[in-house]
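Thanks for coming. I will talk through one model, starting with a strand and its partners and then moving to the pockets.

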Amino acid sequence: TEPAVVVSPSLQFQKMLGIGGALTDAAALNILNLSEPAQKLLLASYYSDQGLRYSIGRIPMASCDFSTHEYSYDDSPGDFQLANFSLAVEDFKLKIPLLQQAVAMSSVPVRLFGSPWSAPAWMKTNDEMHGRGQLKGEAGDKYHKAWAMYFVRFIQEYAKHNLTIWGVTVQNEPFDGEIPLFPFQCMYYSAAMERDFVKKDLGPALQEHLDEHVNIMIMDDQRPFLPEFAETILNDSEAAQFVSGVAVHWYLDDVSRTADLSGTHNKFPEKFILSTEACEGSNPLDRGTSLGSWSHAESYAHDIIADFNNWVAGWVDWNIALDMKGGPNWVKNYVDSPILVDYEKDTFYKQPMYYILGHFSVFIPPGSVRIASHVEEPLLERDLEAVAFFTETAQQNITTVVVLNKHDSPQTFALRDEHRGVAEIYMPSHSIKTIQYFT
């Protein structure tokens, strides 16, 4: 029998937040190494209506591995009042000017969120930004209060440059900070430590010192930690009142169950789930860049479809631009990116991953709602994947179906909409197709 993709528009699920990427120091350096016309073209390729229409942006709070060195916003030991807090030259010269341009280019609001990799070294048990360590003391003490105010100051300083911070994650990959000799910026929290910091310090500080609501996202780490990490925090009503969502990374998705995303949603349906980091080229067997790689692109499509079919409301890529070897990165942790910059030739390359992201970011705007869909295929041929959405616009209502064919051969399938009828769709081998129709 012919395979089929069946769409059931009356069954509705999560409302979408959008698609985006991270503006790291490395990404900004690469963009600014281009001539001004090329810089504008690269940013427009992501943020304008002629590009991918990105609607989310992730900002490292101070340095991460995709910086040229370690730095924080307050390297004065014992400065619990943050009297010497200051954004860095990397913010003023690199990230802020490019973010301002990106936001101005976009026809939709861009949700910007900050993620810290580490507190200043003097606040930590190991007196280093990298390596195994955590905040000194315990939730509610002067170290945790100062660290919570560091978030407040970051948000306030960015606001002075007309950049509104929509959200923060509590900590990038908190479990990295438990690994001995971890090579770059990290800081450990268990779920219980994160719960207590949110409840006693971060939540109250953001509420007290900021006029606008800022969305706090917990975890910001790999999928296998669900649902337990979320349960520890969100089953505590004092902590849960401050939390808007759960942030997940993709690096262990191949060895974890997408069902854990749905399981987390089912337990805490009022909290959104956002995929906040993904990149190809981090696997030891496939390191760095791979110019023109379709397998990297197909991995992105597979992951996005699986996430969206399990209540994830948005997907945020890692560096929006890297150099030809996948840097700069101060610990040489090179990876791939949808756009690679060859600044010696004043050129940038849009990779297949870039176009894959466009199938979702261009055709599924924020506010779209996922609707039920499923693939009917013979048991041994499970290589068609699909996800469907309903978008209400001023002009008309649109159904969007994104289909990925991972088969080594072309496929013809029946697209069946329970309200609209049937269409026959042809797809080449290893291809992606987005189908839109009025409803």
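**Strand S7 and its neighbours**

In S8, Ser-275 is the bridge partner of Val-248. From S7, the chain passes through helix H8 (residues 259–267) to S8, and this β-α-β crossover is right-handed, which means that, with the strands pointing away from the viewer, the path from the first strand over the helix to the second runs clockwise. Helices (H or I, at least four residues) and strands (E, at least two) are DSSP runs, numbered from the N terminus.

This is a predicted model, in which local features need pLDDT of at least 70 and side-chain atom pairs pLDDT 80 or more, while totals for chains, interfaces and linings use all residues. Residues are numbered from 1 along each chain as its sequence is written, and side-chain values use heavy atoms, without hydrogens and water.

S7 and strand S8 (residues 272–277) run parallel, joined by 5 bridges; strands pair if DSSP finds at least two bridges between them. Strand S6 (residues 215–222) also runs parallel to S7, with 6 bridges, and there Met-219 stands opposite Ala-247. How much of S7 is buried? In S7 (residues 243–249), 7 of 7 residues are buried, meaning under 20% relative accessible area with a 1.4 Å probe, protein chains only.

Now the pocket linings. By class, the largest pocket is lined by 6 nonpolar, 5 polar and 6 charged residues. Nonpolar covers Ala, Val, Leu, Ile, Met, Phe, Trp, Tyr, Cys and Pro, charged covers Asp, Glu, Lys and Arg, and the others, Gly among them, are polar. For the second largest pocket, the lining divides into 12 nonpolar, 4 polar and 6 charged.

Methods:
Buried means under 20% relative accessible area, exposed over 50%, partly exposed in between (1.4 Å probe, protein chains only).
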